[in-house]
Amino acid sequence: MASPASGGVRASVGGRKDSTPPYVRAISGSFGGIVEACCLQPIDVIKTRLQLDQSGAYRGIANCGRTVVRTEGVRALWKGLTPFATHLTLKYALRMGSNALFQSAFKDSATGDLSQRGRLMSGFGAGVLEALVIVTPFEASPPPLNVFYTCVLVSAFCHD
């Protein structure tokens, strides 16, 4: 089993090191993004309702949550989950998958070990790639373009 300190590297039979394939890390990252989105969406819905409350209908976070559940049902706390989950799923899949690819590129070809500098550069490269490909376009573009961009990315990764 891989430990977090080993950077996803696990020992196998004969002492040879096998690394977790990048696609497994990407899938793991995407599941993490889904879980994060499902946990954070109710908080985000309540925060948005409080920010937009001009009439003073809510008396705080708990009151806002109770009011939304009472008037619209529990499912209302997860309104807007699909775009948020898609964004986080793509973001974490790219981050984890590219980090794994960068780590394999920075490994010592003779020993298969990854130096601290290689680890640092892998994380830095994955973060920059994530920022350029996923985060900046989603944050900098208006919502209709976000939907278009999400559709383009999903179709690019999910076509036959």
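In this predicted model, helix H1 and helix H3 cross with a right-handed sense. The axis of H1, which covers residues 22–52, comes within 7 Å of the axis of H3, and the two cross at roughly 150 degrees. Because angles over 145 degrees count as roughly antiparallel, H1 is to be described as roughly antiparallel to H3. Sorted by class, the residues that make up the contact of H1 with H3 are 15 nonpolar, nine polar and two charged.

Helix H3, residues 81–106, also packs against helix H4, residues 116–140, where the axes come within 8 Å and again cross at roughly 150 degrees. The consequence of that angle is that H3 is roughly antiparallel to H4, and the crossing of H3 and H4 is right-handed. On the side of composition, the contact of H3 with H4 has 11 nonpolar residues, together with eight polar and five charged ones.

By class, five of the residues in the contact of H1 with H2 are nonpolar, one is polar and two are charged.

Turning to charged pairs, the count of salt bridges comes to four. One of them joins Asp-44 to Lys-47, with the closest N and O atoms 3.3 Å apart, which falls within the 4 Å cut-off for a salt bridge. Both Asp-44 and Lys-47 belong to helix H1, where they are three residues apart, or about one turn of the helix.

The protein averages a pLDDT of 82, and 76% of the residues score at least 70. Confidence is highest in helix H2, residues 61–72, with a mean of 95, whereas it is lowest in strand S1, residues 9–11, with a mean of 46. Over residues 1–7 the pLDDT stays under 50, and for this stretch the model has 10 contacts beyond four places in sequence. Residues 9–16 likewise have a pLDDT below 50, and the model gives this stretch 12 contacts beyond near neighbours in sequence.

Key:
Residues numbered from 1 in each chain as written. Predicted model: local features only at pLDDT ≥ 70, side-chain atom pairs only at ≥ 80, totals over all residues. Heavy atoms only, no water. Axes fitted to C-alpha atoms, helices over the stretch in contact; angles between N-to-C directions. Helix = DSSP H or I, 4+ residues; strand = E, 2+ residues; numbered from the N terminus. Parallel < 35°, antiparallel > 145°, perpendicular 65-115°, else oblique. Left-handed = near helix turned anticlockwise from the far one by under 90°. Nonpolar A, V, L, I, M, F, W, Y, C, P; charged D, E, K, R; others polar. pLDDT = per-residue confidence, 0-100. Contact = heavy atoms within 4.5 Å. Salt bridge = Lys/Arg side-chain N within 4 Å of Asp/Glu carboxyl O.
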